[in-house]
Amino acid sequence: MTKPVSERELVLAILLEVLEKGQYSHIVLSRTLEKYQYLEKKERAFITRVTEGTLEHLIEIDYILDYFSKVKVKKMKPVIRGILRSAVYQLKYMDSIPDPAVCNEAVKLAVKKGFANLKGFVNGVLRNVARNLEQVEYPEEERKALSVKYSMPEWILEMWERDMPFSVIEKIAASFQQEIPVTIRCNQEKTSPEQLKAALEAEGVTVEEHPYLPSAFRISGYDYLKNLLCFRKGWFVVQDISSMLAVEAAQVKENDQVLDVCAAPGGKALYLAEKLKGTGMVEARDLTMYKTGLIEENIARTGFQNIKAVCKDAAVLDEETIGSADIVLADLPCSGLGVLGKKTDLKYKVSPAGMKELVLLQRRILHTVQNYVKPGGTLLYSTCTIHKEENEENVHWFLKEHPAFVLEDIRKDLCLELQSSVNEEGWLQLLPGIHDSDGFFIARLRRRQESDKI
């Protein structure tokens, strides 16, 4: 019996949403997998791999298509463009699928989508690619070659070249194309890391301890995360190690009043609540009811009582909160250049102009939320990007504008493996491919006591 919708048709639909309509891939893919959860594991795995792989290698794929096709990628009809892109990914990166099958399935999909008149074009281009893929000549110039090889926009590489050696940039770019295991944090209010590891392994999950924190694990080999009993019982939270380290750097103490101003989906806020050991309170804020709803779901699942979700705009001053927080966590909206391995389409959406707007937004939020920090309290600033203006330059701006704060060294709050990576000023820039984490920036700022000398 013919299936009403094929995996390749779903991949095409996702690609059209992301590349033609500007939607975010992780959201569209997640929504699709949720809707078609009844598909077999291998079918869902195919959808995930081809979608993410096509987006991950998009610049290279378009380079190959332009190399073989008389009609350039930008001139193609969106449906044909999407079909060809996903097919080229399969031809180049999925040896398990025979080339004729890739070509035939692409032609059938073009016909099904109403482009029978272009089936000869689709077939001809893909068979040409399949026969001559090894003959493609790549650019000779170093930056252009790296851009095509790792599908990184040239302007991002050029920006990074101002701050890092080319060898480091290549490691970062390469890391974004490597498979990234899911990282989780044990909820130690409900279980121990040892019990969690044993329980997950009993469910058939492959579990590896993370070298940076004893309560963190990398997991793989499961079918559907939300079907895991350990997940439903709230024994763990999905969270990258980098955001766990931000919480470690915040130096939470029992009875602290903590404010997380951009908290969704709540991983850091929940970790802060755990560290309070049933005391104090974490107020986890975000901009929309949808986002605070995500936080509330995680609160309910994990069972913490000393945390609440509140819908508030971090850029707007809340008079009632002034001077009330021992710790303000400001993990702010950013360009996301540190998480391109997980959100592969971000690199095609971000722009220099957009990044300048983000810097201004970050400064506006920092200027607002610093009001909430008590004398002697902490403002923890973090982003998931690799961009000097959004990171250390924002810290320098903040210290100049707010001399009541001082930058503290976070070295002693980190594991030995990371201590040498802390800058002499005290902040940490994590780099994928160099560190075992996402790209992430962490800086701790303390408001001086009135008795302190400035």
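I count a residue as buried when its relative accessible area is under 20%, as exposed when over 50%, and as partly exposed in between, using a 1.4 Å probe and protein chains only. Helices (H or I, at least four residues) and strands (E, at least two) are DSSP runs, numbered from the N terminus.

**Entry 1: ground rules.** I am working with a predicted model, where local features need pLDDT of at least 70 and side-chain atom pairs count only at pLDDT 80 or more, while totals for chains, interfaces and linings use all residues. Residues are numbered from 1 along each chain as its sequence is written, and side-chain values use heavy atoms, with hydrogens and water left out.

**Entry 2: helix α10.** I looked up residues 166-175 and found V168, I169, I172, A173, A174 and S175 buried. Which helices do these buried residues pack against? They pack against α8 (142-150) and α9 (154-161), with contact meaning heavy atoms within 4.5 Å.

**Entry 3: a four-stranded sheet.** Next I traced an open sheet of 4 strands, ordered β2-β3-β1-β4 with antiparallel pairing. β2 (206-209) and β4 (236-238) are at the edges with a single partner strand each, so one side of each has no neighbour in the sheet. From one strand to the next, the twist averages 35°. For angles, I use axes that are lines fitted to C-alpha atoms, for helices over the stretch in contact, and the angles run from 0 to 180 degrees between N-to-C directions.

I then followed β1 (residues 182-186), which 4 bridges join to the antiparallel β3 (residues 216-220). Another 3 bridges join β1 to β4, also antiparallel. Two strands pair if DSSP finds at least two bridges between them. R185 has A216 as its bridge partner in β3, and R185 stands opposite V237 in β4. Is β1 enclosed or open, and why? It is largely enclosed by the rest of the structure, because 4 of its 5 residues are buried.

Entry 4: I picked T292, in helix α15 (residues 289-302). T292 counts as buried because its relative accessibility is 2%. Leaving out residues up to four places away in sequence, T292 touches D286, A309, V310 and C311.

My other pick was L407, in strand β10 (residues 405-408). L407 is buried too, with a relative accessible area of 17%. With residues up to four places away in sequence left out, L407 touches V395, L399, E425, W427, A443, R444 and L445. I also checked L379, 28 residues from L407 along the chain, and their C-alpha atoms are separated by 9.6 Å.

Entry 5: On a 1 Å grid over the protein atoms alone, a cavity is a set of points where a 1.4 Å probe fits but cannot get out; a pocket is an open set with protein on both sides within 12 Å along at least five of seven lines; lining residues have an atom within 4 Å of a point. Grid points are joined across faces, edges and corners, and a volume is the space filled by probe spheres set on the points.

I found 1 cavity of 30 Å³ or more. The largest cavity has a volume of about 50 Å³, and its lining residues include R8, I83 and L109. α5 (78-93) and α6 (99-112) are the elements giving two or more residues to that lining.

The second largest pocket has a volume of about 320 Å³. Of its 22 lining residues, I180, P181, D436, S437 and D438 lie nearest its centre.
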